[in-house]
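Here is a briefing on two chains and how they meet. Look at the sequence and the model first, then read the points below.

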Amino acid sequence: MMSPRRLAAHCSFLVIPVPVALLLLSALNAEAAANYAPPPACSEMLKDLKAGKIAIDDLRYLSNSPVCFWELALQSQPQTLRSTLRAEAAAQKSAATVQIGAPSGSNGTTSAVTKPNTPLSLASEYGGITSSTSNQTMTLQTTLDGIPTALAGRGVVPYCISPIVTIPGCVSWKDLQRLNRFGVGVTSNTTAASQNISGTAAPAQGSSQQASLATAGSKGPSLSSVFAKATIWRGQYKLPAKGPEGSQIESASFDLAYGLKDIPLAPTPANPPTLMSYTTWENYQAWQKCMKDEFLQRFEAAKTDTARNDLFVKYYGQIVGILFRGKGVTCPADNVALSDKDLIAPFPPSDEQAKLIKSFETYMAATSMFEAQLAQMVLAAAAPVLSFEYDYNTPVNQPTTSTAKLVFSKAGLQKRCASSSKKTEDSGKKPDDKNTVDAAAKPMATADSKDKKPNPCANSTDGSCINQLTGTLNAGGNFYNSAPSSVPGAGAFRDAQVGAELDYAVCTSSANPIWSFMANATFGLAYYYQDQVSPSILKVTPGMSVSGINIVGLASTTSSVFSKKGPINFAQFKYGLGTGKNVKFPIAFSYSNRTDLITKPLWSAQFGVSYDFSSLLNSSSSSNTSAADSKSP
Amino acid sequence: MGGNPINPAGGAAAGPCKISADPSGEYNFQIRVADMPLNAKLCGDHQGASPPASFNLIKVRSLLASPPTVVPGQPTAMTATTFSLTLPVGGYYIGVVINPLPSAAIVYVYEDCAGSNQLTDILADVQQESGHFTLRVV
């Protein structure tokens with residue numbers, strides 16, 4: 001048994017990664033901040049402008065450069081940020097590639113096969129796979145990005161939303177993805193089968209006898225295992241070849257052009273544009289003139305990309321202040337540059353500003369670009385993952401061991417579970433669509449529909465899509481941390497182990513209110529094989545009983561008991577309730593031909609509960625608008 | 001957008017160009033109603049190369065109504081890379097959407113005539129699969 005003090009030292013293993021992760025982030029961001037460049041779409045447009053592929057009108061009319069403007073000014077919107085981080089949280093909760101509780105080698109786990117991804121979660125489980133006694137354990141685990149992501153999602157740590165301004169101490173999505181490759185966790189035994197208790201008996205009183213008992217062992221939790229995981233390889237998820245809906249794009253594009261008055265019918269003070277006040281429109285006009293007259297001239301005269309980027313920030317960047325801060329135009333723009341305050345300082349948008357933001361986000365949603373980016377994160381859980389895991393195990397009354405294993409997982413067969421799919425798919429259609437070119441274009445539309453099978457999960461960011469099938473493979477070896485010299489036939493290499501699991505997720509959430517509460521579920525079949533090369537060893541204290549195990553006939557001098565070695569075949573049927581939810585309830589029934597100590601077949605059950613802390617990313621703000629919401633104009 | 005009278009190699013059988021810049025500057029182009037239909041084609045570059053894309057949707061809106069209304073029955077003809085419009089006198093917004101490209105590229109919509117005029121461009125290289133131009137019919 002381990003003392004609480006020692007356990008605390010082990011638990012600090014989890015606390016260390018947080019400051020380390022933040023330090024790493026600072027180093028990464030220091031490098032990124034030194035080199036400003038326009039956002040990707042803007043950068044591409046500048047290249048096109050320089051090459052003569054596009055005209056200045058493509059840049060100075062915002063309805064012609066919505067993606068560039070959105071990247072520059074609107075990614076800072078809180079709802080956009082939250083959508084991004086929520087997408088990751090949804091991925092974690094819905095994926096069967098995520099390890100729910102303790103790794104397979106730990107006492108008291110419900111998992112015969114370890115999964116490659118680590119959640120930010122707390123799990124309590126009762127069971128055990130190869131151990132002869134069942135334990136209750138508690139597992140706390142996280143990826144290195146788990147806490148920074150949660151803090152960024154809550155706005156406690158700034159999130160790097162702009163490539164052209166410095167936000168001190170911000171964390172970027174790329175940095176978080178790098179840290180996401182590493183996971184750590186600790187499992188502790190919260191109950192043992194029995195405790196070692198010693199005491200002194202008083203003189204017998206008939207058939208009764210009083211005893212003064214004192215606890216010899218610790219009543220506190222003991223360490224069961226510490227584990228670390230690193231993703232060696234993560235396959236690229238290929239987005240489905242789903243084209244954007246033409247009428248949605250066209251409508252969103254027209255709404256932008258009309259609302260910004262980028263097309264004829266000049267507004268008047270009495271009849272202002274729908275997306276801005278008349279005064280703002282006048283500034284917008286002045287900015288357009290400045291872009292055409294001065295920016296273009298300077299841009300064409302600029303010799304280097306750095307100079308052109310600088311001009312972009314000074315001239316194009318002014319549009320953010322014009323539209324959202326009531327600023328005028330400075331032309332020439334020698335001393336004007338965007339600041340982080342322009343982009344991230346909170347402000348209550350006016351009605352026109354809110355409509356403006358909505359119009360751009362509707363366009364982005366219509367082009368599938370932003371949605372596709374989010375969906376890529378959500379569905380990245382379907383990408384194949386290969387991880388390496390190291391477990392330091394301290395089983396009760398047994399020598400400490402180390403397990404090294406490779407974990408591979410691949411998920412697929414996506415399905416949308418929530419009933420919102422129809423709403424999402426239909427949201428772009430408007431009544432006026434039926435009398436447009438569609439009739440004339442019918443032959444083309446028919447041809448298109450043959451090629452395109454819309455994937456209902458292609459734009460899913462709400463966690464309602466699941467990967468129905470997930471396969472996981474484990475292969476590894478278990479070693480004694482110190483070779484047991486006193487046991488005949490025992491060496492440092494304890495066993496080789498392989499495992500395979502196939503999970504099938506089902507949608508139950510729409511069946512009725514009870515199922516809706518319980519959410520979607522996963523059925524899993526697992527097979528685990530362990531070839532024991534060295535026998536299992538039980539440490540005993542001479543003259544004292546072994547916790548949870550009674551062995552008759554032990555000599556008073558025996559300090560190690562070893563069992564007959566042999567292969568372990570373990571099969572498990574697992575039912576996991578709560579797929580896509582914060583709380584999951586895995587229940588499993590298992591059969592094995594033997595355990596590490598017992599050489600007879602036995603049936604067993606494992607069950608647990610885990611809480612996924614990705615819910616920390618959810619904001620209570622009422623302005624929390626999902627990307628899916630933004631599809632509805 | 002549009003309004004750049006760049007001249008890619010027009011089709012051998014193409015007729016004379018019908019559109020010109022709108023003298024008021026309010027619209028991108030002007031065309032006489034007697035010159036209808038307006039024929040347009042999709043090009044891969046300014047030299048008239050075959051486009052790596054096809055039209056997904058063409059929608060015409062009348063800008064004389066407030067709010068603008070969709071003009072039914074347009075385009076009057078459409079293939080993967082061409083379309084024709086026949087419009088009465090008025091002011092119009094013509095929205096163009098292409099099908100996704102296999103790789104990043106810009107495609108251009110030109111008037112299909114002996115000396116073509118660029119009507120609009122579509123910046124699919126930055127995920128903008130739509131473009132538009134405005135037209136006054138006199």
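**Chain B against chain A**

In this predicted model, 35 residues of chain B are in contact with 37 residues of chain A. Contact means that the C-beta atoms of two residues, placed from the backbone, lie within 7 Å. Strand 4 (55-62), strand 8 (90-98) and strand 11 (130-137) of chain B are the elements that each give two or more residues to the side touching chain A. Strand 4 of chain B gives the most, with five residues.

This is a predicted model, in which local features need pLDDT of at least 70, side-chain atom pairs count only at pLDDT 80 or more, and totals for chains, interfaces and linings use all residues. Residues are numbered from 1 along each chain as its sequence is written, while chains are lettered from A and ligands numbered from 1 in the order in which they are written.

**The contact side**

- By class, the side of chain B that touches chain A has 17 nonpolar, twelve polar and six charged residues.
- Nonpolar covers Ala, Val, Leu, Ile, Met, Phe, Trp, Tyr, Cys and Pro; charged covers Asp, Glu, Lys and Arg; the others, Gly among them, are polar.
- Helix 9 (residues 246-259) of chain A lies across strand 4, strand 8 and strand 11 of chain B.
- Helix 9 of chain A runs at about 135° to strand 8 of chain B. Axes are lines fitted to C-alpha atoms, for helices over the stretch in contact, and angles run from 0 to 180 degrees between N-to-C directions.

**Helix 9 of chain A**

- Helix 9 of chain A has 14 residues and reaches 20 Å from its first C-alpha to its last. That is close to the 20 Å expected at 1.5 Å a residue, where the expected span is 1.5 Å times one less than the number of residues.
- Of the 14 residues in helix 9 of chain A, 14 are buried. Buried means 20 or more other C-beta atoms within 10 Å of the residue's own, exposed means 12 or fewer, and partly exposed lies in between; C-beta atoms are placed from the backbone.
- Just after helix 9 of chain A, Lys261(A) takes a positive phi of about 60°.

**Chain B overall**

- Chain B has zero helices and eleven strands. Helices (H or I, at least four residues) and strands (E, at least two) are DSSP runs, numbered from the N terminus.
- Buried residues make up 51% of the 138 residues in chain B.

**The six-stranded sheet of chain B**

- Six strands form an open sheet in the order 1-2-11-8-4-5, with mixed pairing. Two strands pair if DSSP finds at least two bridges between them.
- Strand 1 (20-21) and strand 5 (69-70) of chain B are at the edges with a single partner strand each, so one side of each has no neighbour in the sheet.
- Strand 8 and strand 11 of chain B pair in the antiparallel sense over eight bridges. Val97(B) stands opposite Ser130(B) in strand 11 of chain B.

**The five-stranded sheet of chain B**

- A second open sheet, of five strands, has the order 6-7-3-9-10 and antiparallel pairing. Its edge strands are strand 6 (77-78) and strand 10 (118-122) of chain B.
- Strand 3 (residues 38-43) of chain B joins strand 9 (residues 107-111) of chain B through four bridges. There, Lys41(B) partners Tyr110(B), and Ala40(B) partners Glu111(B).
- Strand 3 of chain B also pairs with strand 7 (residues 82-85) of chain B over four bridges. In strand 7 of chain B, Phe83(B) is the bridge partner of Ala40(B).
- Both faces of strand 3 of chain B are covered: Leu38(B), Ala40(B) and Leu42(B) are buried on one side, and Asn39(B), Lys41(B) and Cys43(B) on the other.
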